[in-house]
Amino acid sequence: MTNSSTARIRFGVIGAGAIGAIHMETLNKLADVAELKAVTDTYLPLAEQRAAEYDIPVTHSSPEALLADPKLDAVVIAVPNQFHAPLAIAALEAGKHVILEKPMAIDSAKAKEIVDVQERTGKTLIIAQQMRFSGLARAVKAIIDEGKLGRIYNVKSGWIRKKGIPGWGSWFTRKELAGGGPLIDIGVHMLDLALHFMSGPRPVTVFGTTYAEFGPHKRGTGNWGTPNWEGTYDVEDLATALIKLDNGATLALDVSWAAHAAEMSDEPYIHLMGSEAGISYVGNTAKFITHVDNEVVTTEIKPLDDANERELLARHFIQSIQDGTTPISSAISGYTNNRILDAIYESSETGNQVKLNWN
Ligand SMILES: NC(=O)c1ccc[n+]([C@@H]2O[C@H](COP(=O)([O-])OP(=O)(O)OC[C@H]3O[C@@H](n4cnc5c(N)ncnc54)[C@H](O)[C@@H]3O)[C@@H](O)[C@H]2O)c1
């Protein structure tokens, strides 16, 4: 660590792909609180290319070399899901604070290993659930926190892409490297944001089913990622689940990379139904719904601001390091998300409801 608690945090980035590059761009905009000092990628020419693009002084030949660099305080980990846990654990053990891309880990056993090491080392770790930080999400959360919805008892959260399979045949569509399909990829965002809006109730039972009707036939492919047509597709392309929370509320989650669903938009949505009012959040809009004299009254919710959500996440992370506080989107919330994802996959395999034990 640097000497002063307000000194700029010196970052290295592990993984120089599409999302690693977005983190580099973000950190370069935060020159008042952050310095981007190093990068690495298993494909070294890409790391070198990014170093030139983003003016990064050092390119390390491996994550091990980057983590051994005493000039770094924190790392961003933006690699395929399979490598999240080993790299996050190695980073924490090396004394680095960590911004870890979502999903926290490929499964909940690996997520728990990260939780244990994070707690033992006391280093700051945040999961990159940047959707929590948008101006609109913060406006919605503020209304909920004022109690205007009353008791939120039913929530429908989802993201139904019609034609959005990322990188067919790449790591994205291989269970061994990704852990699953749209459920662990975009479903984790919708699960995380819904539970955040609901103020973090604990999941107690989960029933879910997954399907693969498009991917195995090379249909429904989208623009994200680079396809490898000789590769493998062994993950779902649609998942549906019902989650019961310890406060009695229900959360329905529906996600797909590809589906025949004409009247649903391709945008993320969360419908929060409360005893006094509701909020429907769809894409970049949100509406507040209440009943007045037995009439449905709907008003638009304005975003608090148009600040960049990834910049706010990084600033919140840095502030948490400096204050010694636990960030929102912490290791525990990432672990909770991974437990629900595991339970949905398990329920789909067995056909049974899965009970989650938290003792
Ligand atoms: N927060 C979001 O909204 C969001 C959006 C998309 C992807 N993601 C996440 O970001 C991560 C990266 O996704 P991407 O789209 O950038 O993938 P990508 O394939 O574009 O990039 C991954 C990079 O990691 C490198 N790599 C692989 N294993 C490595 C290792 N062990 N050490 C160092 N480098 C390694 C690869 O060479 C590649 O350059 C994934 O976890 C994904 O789930 C997050």
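I began with strand 7 and its antiparallel neighbour, strand 11 (residues 269–274): six bridges join the two. I'm using DSSP runs numbered from the N terminus, with helices as H or I of at least four residues and strands as E of at least two; two strands pair if DSSP finds at least two bridges between them. This is a predicted model, so I note that local features need pLDDT of at least 70 and side-chain atom pairs pLDDT 80 or more, while totals for chains, interfaces and linings use all residues. Residues count from 1 along each chain as its sequence is written, and side-chain values use heavy atoms, leaving out hydrogens and water.

Strand 7 also pairs with strand 10 (residues 250–256), in the parallel sense, over seven bridges. I looked up G158: its bridge partner is Y269 in strand 11 and D254 in strand 10. Strand 7 spans residues 152–160, and seven of its nine residues are buried (under 20% relative accessible area; exposed is over 50%, partly exposed in between; 1.4 Å probe, protein chains only).

Next, rings. I get six aromatic pairs in the whole structure, counting Phe, Tyr and Trp (six-membered ring) with centres within 6.5 Å; planes under 30 degrees apart are stacked, over 60 edge-to-face, the rest tilted. F11 and F317 have centres 6.0 Å apart and planes at 45°, so I logged the pair as tilted. F11 is in strand 1 (residues 9–14) and F317 in helix 9 (residues 309–323), 306 residues apart. Both are buried. I also noted one aromatic cluster, made of W168, W229 and Y233.
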